[in-house]
Amino acid sequence: MIVVMEITASEDQIQHVSTRIHELGLKSHIIRGTERTVIAAIGDDRKIKIESFESSSGVSEVLPILAPYKVASRELKPEPTQIQVLKFRAGAGAVGMIAGPCSVESEEQIVECARAVQKAGGTALRGGAFKPRTSPYSFQGMKEDGLKLLATARQETGLAIFTEVMSPEDVDLVSKYADVLQIGARNMQNYRLLEAVGRSPRAVLLKRGPSATIEEWLLAAEYILNEGNPNVMLCERGIRTFESHTRFTLPLASVPYLHRKTHLPVIVDPSHGTGHSYLVTDMAMASVAAGADGLIVEMHPNPEKAASDGYQSLDFSQFNDMMQQCRKIADALGKQFG
Ligand code: PEP
Ligand code: MN
């Protein structure tokens, strides 16, 4: 349930309600809006009487949260959340640009990519060091050596680093080097991993599982939020359908739909979403037009030679072109881009 405080509620009154929530065995999340503060009481509240909070001083009203996900819901927080990491910003009028290779391959490759992202006006670098590959015989990533190269690229350019973490045991290691922890599509429902990143101080990019419904995806985000990490971004990367002309089907209606249901920023991945480099720019533009709060795009100095996902990676000139086109759309919508 949500305890909505009076506009004039004092800090003592807010803390008092929060303490009572804890005493009842629930978690409390205090959300300070521009107008008023609301306090979410999360947990099994079936036996708790709503009226018992209505009589506390400073309380305006107590409401149930109808959505199955609670902290992620718009009911709890009507204003959109903006997530900022170094110069990267996503949400509430900011469209954040993340780009880089599918996999980190060498210092030269990742630093070259980082410079190209920076030059085109992007603020974040992606690159996989731990790669979830369909086949055990495919390149599995450079692991910690790859993480070190990502940290070198950050040092050279100041870009925020997004990289995937695949298992709970690796969360501390990846958090040492990365600014944002990516949860891959295949791990969206790895609940122990979600809890582990929920305890990390790093922001999280939660990719949609290829066969997950939006509700399952938001409940996965709830696992992270429920551990106390408020900095969660959702990433639409396409779902599996009967269609085979694209690698996945990229459902862009999920962007405005999610904006109705959650305050969390929504990022789109048109690279995995289409699986063809020649479709990426158009779908990136469409994503910004649909209201995406950011894009994550695969690019490579020489896509033909990429260790993974080269067929869906842009080269530097295609990437530059994509950035210019998307910037025009963001400008037309009055949004900050980069
Ligand atoms: C990736 O970003 O390279 C990746 C493996 O993506 P996904 O988890 O969406 O398949
Ligand atoms: Mn990839």
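Good morning. Please bear in mind that the model under discussion is predicted.

I begin with ligand 1. In the side chain of His272, an N or O atom lies 3.2 Å from an oxygen atom of the ligand. For the side chain of Arg186, the corresponding distance to a ligand oxygen is 3.1 Å, and for that of Arg237 the distance is 2.7 Å. How much of ligand 1 does the protein bury? Taken alone, the ligand exposes 300 Å², and 97% of that is buried by the protein.

As to location, ligand 1 sits in the largest pocket.

I turn now to the aromatic rings. The model has 2 aromatic pairs. One of them involves Phe88 and Phe162, whose ring centres are 5.1 Å apart; their planes meet at 70°, so the pair is edge-to-face. The cut-off for that label is an angle over 60 degrees. Where do the two residues lie? Phe88 belongs to strand β6, residues 88-90, and Phe162 to strand β9, residues 160-164, so the pair ties together parts that are 74 residues apart in sequence.

Thank you for your attention.

Key:
Residues numbered from 1 in each chain as written. Chains lettered and ligands numbered in written order. Predicted model: local features only at pLDDT ≥ 70, side-chain atom pairs only at ≥ 80, totals over all residues. Heavy atoms only, no water. Polar contact = N/O pair within 3.5 Å; in protein donor to acceptor, adjacent residues only side chain to side chain. Areas by Shrake-Rupley, 256 points an atom, 1.4 Å probe, with all protein chains shown as cover. 1 Å grid on protein atoms, 1.4 Å probe; cavity = no way out; pocket = protein on both sides within 12 Å on 5 of 7 lines; lining within 4 Å. Sits in = over half its atoms within 2 Å of the grid points. Phe/Tyr/Trp six-rings, centres within 6.5 Å; stacked < 30°, edge-to-face > 60°. Helix = DSSP H or I, 4+ residues; strand = E, 2+ residues; numbered from the N terminus.
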